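The sequence and the model are shown first, and the main points follow by topic.

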Amino acid sequence: MRAPSGSVPGLCSASATMFAVGMAFLGYWGVYEPGGWDRSDLIVVVLALIGFAALGSVPWIVTTPVAEEGQEKIVAARRALLLGVALIWLSVLVSFFS
């Protein structure tokens, strides 16, 4: 079954939007503040970086050429998007509760 038209641009723009939201969060959170980092600060940054890697891989996954016409990478790209969004929001929650 083919993915609906617009799935590829939608996934790419959604990943770019969440990437921008995550970068804005890290900018306002205090990555550039002087002083030492706690363990919770490192957890926030590691979760965010893994989330950025997942979000950044979405356009690459969804636009990779496939051998057969019927195969698509939409499902894998959706999972990468979900993982990235979940990790970014988890890093936000960890920063609020630490």
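**Helix packing and the nonpolar core**

Helix H1 passes helix H3 in a left-handed crossing. The model is a predicted one.

**H1 and H3**

- The axes of these two helices come within 10 Å and cross at roughly 15°.
- Because angles under 35 degrees count as roughly parallel, H1 is roughly parallel to H3.
- On the H1 side, the residues that meet H3 include Ser 7, Leu 11, Ser 15, Phe 25 and Trp 29. Their counterparts in H3 include Ile 74, Ala 77, Arg 78, Ile 88 and Ser 95.
- By class, the contact of H1 with H3 has 13 nonpolar, 5 polar and 1 charged residues.

**H1 and H2**

- The axes of H1 and H2 cross at roughly 160° and come within 9 Å.
- Angles over 145 degrees count as roughly antiparallel, and H1 and H2 are therefore roughly antiparallel to each other.
- H1 passes H2 in a left-handed crossing.
- Among the H1 residues in this contact are Val 8, Leu 11, Cys 12, Phe 19 and Trp 29. Asp 41, Val 44, Phe 52, Val 58 and Pro 59 are among those that H2 brings to it.
- The contact of H1 with H2 divides into 17 nonpolar, 3 polar and 1 charged residues.

**The largest nonpolar core**

- The largest nonpolar core has 17 residues, of which Leu 11, Val 58, Ala 77 and Ile 88 touch the most other members.
- At least two residues of this core come from each of H1 (7–29), H2 (39–62) and H3 (74–97).
- H2 supplies the largest share, with 7 residues.
- Apart from its neighbours within four places in sequence, Val 58 is in contact with Leu 11, Ser 15, Ala 77, Ala 80 and Leu 81.

**Ser 7**

- Ser 7 lies in helix H1.
- The relative accessible area of Ser 7 is 12%; Ser 7 is therefore buried, since the cut-off for that class is under 20%.
- Ser 7 is in contact with Ile 74 and Arg 78, leaving aside its neighbours within four places in sequence.
- Although Ser 7 and Ile 74 are 67 residues apart in sequence, they are 7.6 Å apart in space, C-alpha to C-alpha.

Note on methods:
Residues are numbered from 1 along each chain as its sequence is written. This is a predicted model: local features need pLDDT of at least 70, side-chain atom pairs count only at pLDDT 80 or more; totals for chains, interfaces and linings use all residues. Side-chain values use heavy atoms; hydrogens and water are left out. A nonpolar core is a set of buried Ala, Val, Leu, Ile, Met, Phe, Trp, Tyr and Cys residues joined through side-chain atoms within 4.5 Å. Buried means under 20% relative accessible area, exposed over 50%, partly exposed in between (1.4 Å probe, protein chains only). Helices (H or I, at least four residues) and strands (E, at least two) are DSSP runs, numbered from the N terminus. Contact means heavy atoms within 4.5 Å. Axes are lines fitted to C-alpha atoms, for helices over the stretch in contact, and angles run from 0 to 180 degrees between N-to-C directions. Angles under 35 degrees count as roughly parallel, over 145 as roughly antiparallel, 65 to 115 as roughly perpendicular and the rest as oblique. A crossing is left-handed if the near helix is turned anticlockwise from the far one by less than a right angle, and right-handed if clockwise. Ala, Val, Leu, Ile, Met, Phe, Trp, Tyr, Cys and Pro count as nonpolar, Asp, Glu, Lys and Arg as charged, and the others, Gly among them, as polar.
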